[in-house]
Amino acid sequence: MTAARLIATVGGVGYLRPAPGTWGSLAALPLAWLIHQAGGFPALALATLAAFLGGLWATGVMTAGQDDHDPSEIVIDEVAGQFLALWAISLPAWLHGLDISVLWPGWVSAFVLFRLFDITKPGWVGRADRRGDPMGVMLDDIIAGAFAALGTALLAGLSHGVLGL
């Protein structure tokens, strides 16, 4: 397996069926936990950037000369987007010295919201996806991840601020 294929498919996760994008997002969860445990939010932020840049390169290599600009086995975009969605729990956990594992509702909402935005591709997410190039492949998931992070933060604020849970 070439380096580009290894990165783009996240070590072969992209070949799992059905729904390889969901498998890619699921694979990102334990990776994000390990990264956060190792270095907190700064490490997850750097890993997100590395996944984005590595994914941009790997996607370009894998799709060069192909008609399909976004083959389903490429799931590094889901990993980068899911990492970004998890910033909504990684940052507050890191800032307040919390065990990120106890923020399990945030893990669930970040995953569900990210998949929802990635699948339905509302607004800017769909616009990025329609670029038809490696940047579009990566960017739609980054935008979906940002929306999911915002949604997760809003849900946490509602739950803890308004409901007092």
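Residues are numbered from 1 along each chain as its sequence is written, and side-chain values use heavy atoms, with hydrogens and water left out. Because the model is predicted, local features need pLDDT of at least 70 and side-chain atom pairs count only at pLDDT 80 or more, while totals for chains, interfaces and linings use all residues.

Buried here means under 20% relative accessible area, exposed means over 50%, and partly exposed lies in between (1.4 Å probe, protein chains only). Helices (H or I, at least four residues) and strands (E, at least two) are DSSP runs, numbered from the N terminus.

Trp107 itself touches Leu29, Ala32, Trp33, Leu86, Ile89, Ile100 and Ser101, leaving aside residues up to four places away in sequence; contact means heavy atoms within 4.5 Å. Ile89 is also among the buried residues of H4 (residues 87-96), together with Ala88, Ser90 and Ala93. Just after H4, Gly97 takes a positive phi of about 65 degrees.

Rings of Phe, Tyr and Trp (its six-membered ring) pair if their centres lie within 6.5 Å; planes under 30 degrees apart count as stacked, over 60 as edge-to-face and the rest as tilted. The pair of Phe117 and Phe147 is edge-to-face, because the ring centres are 5.6 Å apart and the planes stand at 75 degrees. This pair links distant parts of the chain, with Phe117 in H5 and Phe147 in H7, 30 residues apart. Phe117 is buried at 19% relative accessible area, whereas Phe147 is partly exposed at 24%. Elsewhere, ring pairs link Phe41, Trp87 and Trp94 into a cluster.

The loop between H1 and H2 deserves a look too. Proline 18 lies in this loop, and a cis peptide bond with omega of about -5 degrees joins Arg17 to Pro18. Val10, in the loop between H1 and H2, has a positive phi of about 50 degrees although it is not a glycine, and is buried at 19%.
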